[in-house]
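Me: I am new to this structure and would like to learn how to read it. Could you walk me through a feature or two?

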Amino acid sequence: MKNFRPAFRFAPSDANWWIWGNGLTRNTVSATPFLKNTCQQMTKIETTEWLKGRVDSNLYCHSAATQEMAAKLADIYGVDMEKATLAGLLHDCAKQMSHEELISHAQHYHIRLDHIRLAQPGLLHAPVGAKLVHAELGIADSEILDAIAAHNTGSKDMSRLGKILYLADASECTRSYPGVERIRDLALSGDLNSALLTTMDMKIRHVLEQKQMLHPMSVEARNDVIKEIINHIDQ
Ligand SMILES: [Fe+2]
Ligand SMILES: [Fe+2]
């Protein structure tokens, strides 16, 4: 098992504050408590370097493309831009850990190890990733952490941020599986729950075709979305 590294220490005086290129300025960055908190703990460059130390170039490309798609969806669905880009960039930070490392980290962070996660430890990269960005980058925003923790399975009561991360991950511009154009068009159409349900159905179908176990979180997430569609809840 890899040693757990100490949390990053960022210099608050660094001039390269966490500012994405999506119209955010230093003033807008300091406008909310979360963003102010983010500024005090990390810079964009340092966070990117941290991620590059954990993923290969292909996965970094996917992460950057997910970040870009998450920004587009945040704009369409009225989600906080910085939270969306941060979640998009970091969501797969634990994806390239070995199964042994994932299980060790899950034990360390007291993540529930149900029999499906034990049989398919790759599923753990989402909740372990959320714990890592909290522990090592100091990101404490629960909406970001929850979105990262459930970006692969989905979950009950997903926030808008969680939904757009789930969609951005599946539809970013480097994805090329059959049907991705439909998912992308739906995601950009402004009908969040329809896009989400179609994406969930496609991912669940894939799990079934692969004869893998379906995690109950995916079923709960899908049931929730259907409930919202039936009740015309615009989430
Ligand atoms: Fe992932
Ligand atoms: Fe991903």
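Reply: Gladly! Leaving aside neighbours within four places in sequence, K131 is in contact with H105, Y109 and I111; contact means that two C-beta atoms, placed from the backbone, lie within 7 Å. This is a predicted model, where local features need pLDDT of at least 70, side-chain atom pairs count only at pLDDT 80 or more, and totals for chains, interfaces and linings use all residues. Residues are numbered from 1 along each chain as its sequence is written, while chains are lettered from A and ligands numbered from 1 in the order in which they are written.

Me: Is K131 buried or exposed?

Reply: A residue is buried if 20 or more other C-beta atoms lie within 10 Å of its own, exposed if 12 or fewer, and partly exposed in between. K131 has 20 such neighbours, so K131 counts as buried. Of the chain's 235 residues, 36% are buried.

Me: Where is the place of K131?

Reply: In helix α8; helices (H or I, at least four residues) are DSSP runs, numbered from the N terminus.

Me: How do I read two packed helices?

Reply: They are described by the angle between their axes and the distance between the axes. Here, the axes of α8 (residues 125-137) and α9 (residues 142-149) come within 7 Å and cross at roughly 150°. Axes are lines fitted to C-alpha atoms over the stretch in contact, with angles from 0 to 180 degrees between N-to-C directions. The two helices are therefore roughly antiparallel, the term for angles over 145 degrees. Among the residues making this contact are A126 and V133 of α8 and L145 of α9.

Methods. Angles under 35 degrees count as roughly parallel, over 145 as roughly antiparallel, 65 to 115 as roughly perpendicular and the rest as oblique.
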